[in-house]
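Subject: Structure handover

Hello,

Please find the structure below. My notes on it follow.

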Amino acid sequence: MAIDCLVLGAGQEIGKSCVVVTINGKRIMFDCGMHMGCDDHNRYPDFSLVSKSGDFDSAISCIIITHFHMDHVGALPYFTEVCGYNGPIYMSYPTKALSPLMLEDYRRVMVDRRGEEELFTTTHIANCMKKVIAIDLKQTIQVDEDLQIRAYYAGHVLGAVMVYAKVGDAAIVYTGDYNMTTDRHLGAAKIDRLQLDLLISESTYATTIRGSKYPREREFLQAVHKCVAGGGKALIPSFALGRAQELCMLLDDYWERMNIKVPIYFSSGLTIQANMYYKMLISWTSQNVKEKHNTHNPFDFKNVKDFDRSLIHAPGPCVLFATPGMLCAGFSLEVFKHWAPSPLNLVALPGYSVAGTVGHKLMSGKPTTVDLYNGTKVDVRCKIHQVAFSPHTDAKGIMDLTKFLSPKNVVLVHGEKPSMLILKDKITSELDIPCFVPANGETVSVASTTYIKANASDMFLKSCSSPNFKFSNSTQLRVTDQRTADGVLVIEKSKKAKIVHQDDVSDVLHEKNHVVSLAYCCPVKVKGESDDVDLIKQLSAKILKTVSGAEIHESENCLQIGSFNGTLCLKDKCVHRRDISSSSEAVVFLCCNWSAADLELGWEIISVMKQNM
């Protein structure tokens, strides 16, 4: 069986995260976000790739949202209320509480202020959230008889989770956005060591390795302090939840220590609501916040006040947190238009800005003018400071998590293609794990684990227990047990799987003449300067010389081997074809090897082609 990973969003880009994974017949949609830098049809994922007919209830087993950022939840009301999905939706309790605030704030900015077409309404948001099922950390949810999911702490923002999903023996983890280090208000990501066929990881900072956070905090504080000390105004565009709380805690503490009297403002009532939720959901914060909470709530900021729109043109210095981040729309962009022309002022951009936003243009260089969404040009004479306070993990964090989980395959999403390709090569070379970087609309298929419980025939067990000693010539006499036995795994309809001795097969199937037809999919890993294609052609030619009648199909970096005569050995895998099976109806035939050194008998079915017999 295979696991299919269809990337609808965040494939070789950052924005509109949406990945649909098919595991043993179950289809899970991870995240349903929008692209903050697009104002056309590319804003939402292409849901037609999930179902051409629009019957999404039949096409999707469930949706899991990892956190409340718009690039992960922004398309959900549209998908449920406009496209018509009515199946189960899972989120953490904080994400369920905060998502409607973020969605309504976005709708209000885009429709009420910018006059854009309304893609979903306030009623759509409310009806969508009624369908959401809230889950706790490490709570195992049985979605249906076969599919189970579990959430793990991801850091990043309040309520963010990584998701473990398992169907039968096949298991994956989808990380969403995560942070492997603690900050002032959130802890580091935590997950159990799991047996995984696939890890789907974000890769926003695929090539960045951050140093200590303290120099970065000091640099930010000095930049803001220098601005206000010179009579300027500091604008910090940030989303209402996450970095706003982190930076407010940092500035509030610094203002207290330095006895600075310059006002710090919040522009959005949404942030006041957000701080209320942070106080209520203190168990999701860092250990440091939990300990301080006993004597003082760290989210009760002493020096932070509400901002009135009339203060935009008020004289004197100030610090303003204005939403949204990235300067993509809303009040932060309005303030930017008024403050950017003054060389006294400062724009401090925290974290990552998506391509197409004003924030991205400012971070890409030092432009003297910036074009806004409506064609307006703004002179930029203010200072620009990029704050390295991203809630995403860095390249070391991604490698550490991948090494810890040691999945059989890795798919990277939510990153920029050049950096992702570098990280892909690093994962492949250093961890020896196949890694994929699909674009939007592409599907990656990887093998899934399948374990089969089977009985063993008396003849097979007897052959296994017959000693076969080998004596080696050396200075001391050494005796090793070379006991081996070949068995055939027989799986018939309505019968339990059974391992029988090769001579038993005819009796088991009540047939005299039988032919076992097998197919084996062998991934070829290339090391050195050899080209994949050349190596596969060489291996293909060698197999044809080794075995007779082999049917070989070359596909990218794999060889698919059909029916053949004799025995084919590739590394530690051994596939046999024996003339012992025939026309009776058997679903799967596999040959296995048992040796005295093995602790248990098992198979990993990579690929089996059912042949007409």
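Are Phe266 and Phe321 buried or exposed? Both Phe266 and Phe321 are buried, where buried means under 20% relative accessible area, exposed over 50% and partly exposed in between, with a 1.4 Å probe and protein chains only.

Some conventions before the rest. This is a predicted model, in which local features need pLDDT of at least 70 and side-chain atom pairs count only at pLDDT 80 or more, while totals for chains, interfaces and linings use all residues. Residues are numbered from 1 along each chain as its sequence is written, and side-chain values use heavy atoms, with hydrogens and water left out.

Aromatic rings

Rings of Phe, Tyr and Trp (for Trp the six-membered ring) count as a pair if their centres lie within 6.5 Å; planes under 30 degrees apart are stacked, over 60 edge-to-face, and the rest tilted. The count under this rule is 10 aromatic pairs. In the pair Phe266 and Phe321, the ring centres are 5.6 Å apart and the planes stand at 50°, so the pair is tilted. Phe266 belongs to strand β13 (residues 264–266) and Phe321 to strand β15 (residues 318–322), so this pair ties together parts that are 55 residues apart in sequence. Helices (H or I, at least four residues) and strands (E, at least two) are DSSP runs, numbered from the N terminus.

One aromatic cluster is formed by Phe47, Phe56, Phe79 and Tyr85. There is also a charge over a ring: the charged end of Arg210 sits over the ring of Tyr205, 4.7 Å from its centre. The rule for this asks for NZ of Lys or CZ of Arg within 6 Å of the ring centre and within 35 degrees of the ring normal.

Sheet and strands

An open sheet is formed by 7 strands in the order β6-β5-β4-β3-β2-β1-β22, with mixed pairing; two strands pair if DSSP finds at least two bridges between them. At the edges stand β6 (132–135) and β22 (443–447), each with a single partner strand, so one side of each is left without a neighbour in the sheet. Within this sheet, strands β4 (residues 62–64) and β5 (residues 89–92) run parallel and are joined by 2 bridges. Ile64 has Tyr90 in β5 as its bridge partner.

Strand β10 (170–174) is mostly covered, with 5 of its 5 residues buried. Ala170, Ile172 and Tyr174 point one way from β10, Ala171 and Val173 point the other way, and all are buried. In a regular strand, side chains alternate between the two faces of the sheet.

β10 runs antiparallel to strand β9 (residues 161–167), and 5 bridges join them. Val167 is the bridge partner of Ala170 in β10. β9 and β10 form a hairpin with 2 residues between them, and Gly168 in the turn has a positive phi of about 65°. β10 also pairs with β11, in the parallel sense, over 3 bridges. The bridge partner of Ile172 in β11 is Leu198.

Salt bridges

A salt bridge is a side-chain nitrogen of Lys or Arg within 4 Å of a carboxyl oxygen of Asp or Glu. This rule gives a count of 15 salt bridges. Asp192 pairs with Lys138, the closest N and O atoms being 3.2 Å apart. The pair links distant parts of the chain, 54 residues apart: Asp192 is in the loop between β10 and β11 (198–202), and Lys138 in the loop between β6 and β7 (140–142). Asp192 is partly exposed, with a relative accessible area of 29%.

Asp197 and Lys408 also form a salt bridge (3.8 Å, N to O). Asp197 counts as buried at 2% relative accessibility, whereas Lys408 is partly exposed at 34%.

Glu430 and Lys426 form a salt bridge at 2.9 Å between the closest N and O atoms. Both lie in helix α13 (residues 417–431), 4 residues apart, about one turn of the helix. Lys426 is partly exposed at 33% relative accessibility.

Regards
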